[in-house]
Amino acid sequence: MPAELWNRIKDHPCYSEEAHHYFARMHVAVAPACNIQCNYCNRKYDCANESRPGVVSEKLTPDQAFRKVVTVANEVPQLSVLGIAGPGDALFDWRKSKAAFELVAREIPDIKLCISTNGLALPDHVDELADMNVDHVTITINMVDPLIGTKIYPWIFYDHKRYTGLVASQILHERQMLGLEMLAERGILVKVNSVLIPGINDQHLSEVNAAVKARGAFLHNIMPLISDPAHGTHFGLTGQRGPSHSELMAVQEACSGGVNLMRHCRQCRADAVGLLGEDRGQEFTLDQIPEQVA
Ligand code: CLF
Ligand code: SF4
């Protein structure tokens, strides 16, 4: 790997497998609203595209997020990355995400800013992301064939209108591909998350891998669907199961030789704090952080 690239990922616990032993990330749950519906999501909980479904995160205003990040940075020396991963879509709620990033970047200029999105609103914000030095963006791409998309996305809300059926998935697909190309053109590192849904996109994810490789993605993270009827999602209620470990391995195998795969994802919460796999979020709830930090 070229040294310049290594320097950009060496302290990002998700983009570098090695880094996850030494560096911590934290998420601030500032973005509650979402512009699409995924069949694996229940809006009461975190965005299942990037974070752990079935978990309710403490929602924060940008100012509360700022205070939380400064508090954590003072107490967790390994902290290197601030991510916004919901609980809705970080770019649909961009005003809040941007305000949180700006407040934090002014106080802690060397923290890496990381964002996760379903991609629908992405092309509208790529230039601002680049201007703000957001160097790591995750797009959840579950299909590159809109017919498959119809089994995953019942509707999207785009350009002041609600779309359903094939046209909804077509628009989402086009916006995801465009957003990915725009980020890659600007040299921003893109991770693609795909939720592996047996019987729906398991045979298709190698095609997704090839399509995102062709457009410059840096990493592909294949996440097993977590489906539990108690979460109240469409998939949970209709009996859609998640993949077994061997099914996940088989899909990863089918994607080998394509975009590098991330294999150490822990499907964290939208308010996670600490090293991957360790969650110190409960030590930094709103009632435990000072009113004034700077
Ligand atoms: Fe957070 Fe995501 Fe940034 Fe990492 S998480 S916004 S890229 S800083 Fe990481 Fe967590 Fe897996 Fe996400 S382990 S769910 S991949
Ligand atoms: Fe839910 Fe995330 Fe999908 Fe929006 S993008 S519907 S928050 S899983």
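## Sheets, helices and ligand shells

Helix α2 (residues 62–75) lies across β1 (24–27), β3 and β11, and runs at about 155° to β3. Helix α9 (residues 245–254) also packs on the sheet, touching β8 (189–196), β9 (219–224) and β10, and its direction makes about 160° with that of β9. Contact here requires C-beta atoms, placed from the backbone, within 7 Å. Axes are lines fitted to C-alpha atoms, for helices over the stretch in contact, and angles between N-to-C directions run from 0 to 180 degrees. Helices (H or I, at least four residues) and strands (E, at least two) are DSSP runs, numbered from the N terminus.

The model is predicted: local features need pLDDT of at least 70, side-chain atom pairs count only at pLDDT 80 or more, and totals for chains, interfaces and linings use all residues. Residues are numbered from 1 along each chain as its sequence is written, while chains are lettered from A and ligands numbered from 1 in the order in which they are written.

**The annotated span**

An unreviewed UniProt entry annotates residues 20–271 as "domain: Radical SAM core". UniProt positions follow the numbering used here, feature names are shortened, and annotations may be inferred rather than shown by experiment. In the model, this span of residues 20–271 is 33% helix and 19% strand, and its end C-alpha atoms lie 17 Å apart.

**The eight-stranded sheet**

Eight strands form an open sheet in the order β10-β9-β8-β5-β4-β3-β1-β11, with mixed pairing. The edges are β10 (261–262) and β11 (273–274); each has a single partner strand, so one side of each is left without a neighbour in the sheet. Strands count as paired if DSSP finds at least two bridges between them.

Strand β3 (residues 79–84) pairs with β4 (residues 112–117) in the parallel sense over four bridges. Leu 82 stands opposite Leu 113 in β4. Strands β5 and β8 are also parallel, with five bridges, and His 136 stands opposite Leu 189 in β8. Six bridges join β8 to β9, again parallel. There, Val 192 stands opposite His 220 in β9.

Is β8 covered or open? It is mostly covered, with eight of its eight residues buried. Buried means 20 or more other C-beta atoms within 10 Å of a residue's own; exposed means 12 or fewer, partly exposed lies in between, and C-beta atoms are placed from the backbone. In a regular strand, side chains alternate between the two faces of the sheet. In β8, Leu 189, Lys 191, Asn 193 and Val 195 are buried on one side, and Val 190, Val 192, Ser 194 and Leu 196 on the other.

**The three-stranded sheet**

A second open sheet has the order β2-β6-β7, with antiparallel pairing. Here β2 (36–37) and β7 are the edges, each with a single partner strand, so one side of each lacks a neighbour in the sheet. Two bridges join β2 to β6, and Gln 37 has Trp 155 as its bridge partner in β6. Four bridges join β6 to β7. Trp 155 also stands opposite Thr 164 in β7, and Phe 157 has Arg 162 as its partner there.

**Ligand shells**

A residue is near a molecule if its C-beta atom, placed from the backbone, lies within 6 Å of it. Ligand 1 is surrounded by 19 residues, the closest being Cys 14, Gly 83, Cys 114, Cys 265 and Cys 268. Strands β1, β3, β4 and β5 (136–140) each give two or more residues to the shell around ligand 1. Around ligand 2 are residues including Cys 34, Cys 38, Cys 41, Cys 47, Asp 89 and Asn 118.

For the classes below, Ala, Val, Leu, Ile, Met, Phe, Trp, Tyr, Cys and Pro count as nonpolar, Asp, Glu, Lys and Arg as charged, and the others, Gly among them, as polar.

| Shell | Nonpolar | Polar | Charged |
|---|---|---|---|
| Ligand 2 | six residues | five residues | one residue |

**Backbone exceptions**

Most residues other than glycine have a negative phi, and most peptide bonds are trans. The bond from Gly 86 to Pro 87 is cis, with omega near 15°. Pro 87 sits in the loop between β3 and α3 (94–107). Gly 86 is also one of the residues around ligand 2.

His 160 is not a glycine, yet has a positive phi of about 70°. His 160 lies in the loop between β6 (155–158) and β7 (161–164), and is exposed, with 5 other C-beta atoms within 10 Å. In that hairpin, with two residues between the strands, Asp 159 takes a positive phi near 55°. Gln 267, in the loop between β10 and β11, has a positive phi of about 40°. Gln 267 is partly exposed, with 19 other C-beta atoms within 10 Å.

Methods. Contact = placed C-beta atoms within 7 Å.
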